[in-house]
Amino acid sequence: MASRSIKAALADVLENLSEENFKKFCHHLMDLRAGLRVRRTAVEGKSCLEVADVMVSTFTEAKVVAVAEEILRAIGCNLEADDLASVEGPERWWCPGT
């Protein structure tokens, strides 16, 4: 996955979620307790590609993988989180509230 862009990798992971898990993902995305949040109107009824665009523009490419990985693990999608985590190296980080 390392050869693709972060946005493309994120979109692929979101597209491979079941409909139910995608809904859970979006719900958690709107309910982040620290840092930036995504508005309901930005994700409600949107496609996986549109949600990926919103996430990258909200969190930046430097932080979006960690945010998505955290949400995926919270909803029990650990394999998908591991897949997405392989996009970036060890310099990846996300500090809630930044």
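Analyst: A nonpolar core is a set of buried Ala, Val, Leu, Ile, Met, Phe, Trp, Tyr and Cys residues joined through side-chain atoms within 4.5 Å. The model here is predicted. Its largest nonpolar core has 33 residues. Leu 14, Phe 25, Leu 29, Met 55, Leu 72 and Leu 84 touch the most other members.

User: Which elements give two or more residues to this core?

Analyst: They are α1 (6–15), α2 (19–30), α4 (48–59), α5 (61–74) and α6 (78–85). The most comes from α4, with 7 residues.

User: What does Leu 14 touch, not counting residues up to four places away in sequence?

Analyst: Phe 22, Phe 25, Cys 48, Val 51 and Ala 52.

User: How do you know that Cys 26 is in no disulfide?

Analyst: A disulfide needs two cysteine sulfur atoms within 2.5 Å. For Cys 26, the nearest cysteine sulfur belongs to Cys 48, 7.7 Å away. Therefore Cys 26 is in no disulfide. Searching the whole structure gives 0 disulfides.

User: Why is Cys 26 called buried? And why Cys 77?

Analyst: Buried means under 20% relative accessible area. Cys 26 has 7%, so it counts as buried. Cys 77 has 3%, so Cys 77 counts as buried too.

User: How does the reach of α5 compare with the span expected?

Analyst: α5 has 14 residues and reaches 21 Å from first C-alpha to last. At 1.5 Å a residue, 20 Å is expected, so the two values are close.

User: What covers the buried residues of α5?

Analyst: The cover includes α1, α2, α4 and α6. Among the buried residues of α5 are Lys 63, Glu 69 and Leu 72. Gly 76 follows α5, with a positive phi near 85°.

Conventions
Residues are numbered from 1 along each chain as its sequence is written. This is a predicted model: local features need pLDDT of at least 70, side-chain atom pairs count only at pLDDT 80 or more; totals for chains, interfaces and linings use all residues. Side-chain values use heavy atoms; hydrogens and water are left out. Buried means under 20% relative accessible area, exposed over 50%, partly exposed in between (1.4 Å probe, protein chains only). Helices (H or I, at least four residues) and strands (E, at least two) are DSSP runs, numbered from the N terminus. Contact means heavy atoms within 4.5 Å.
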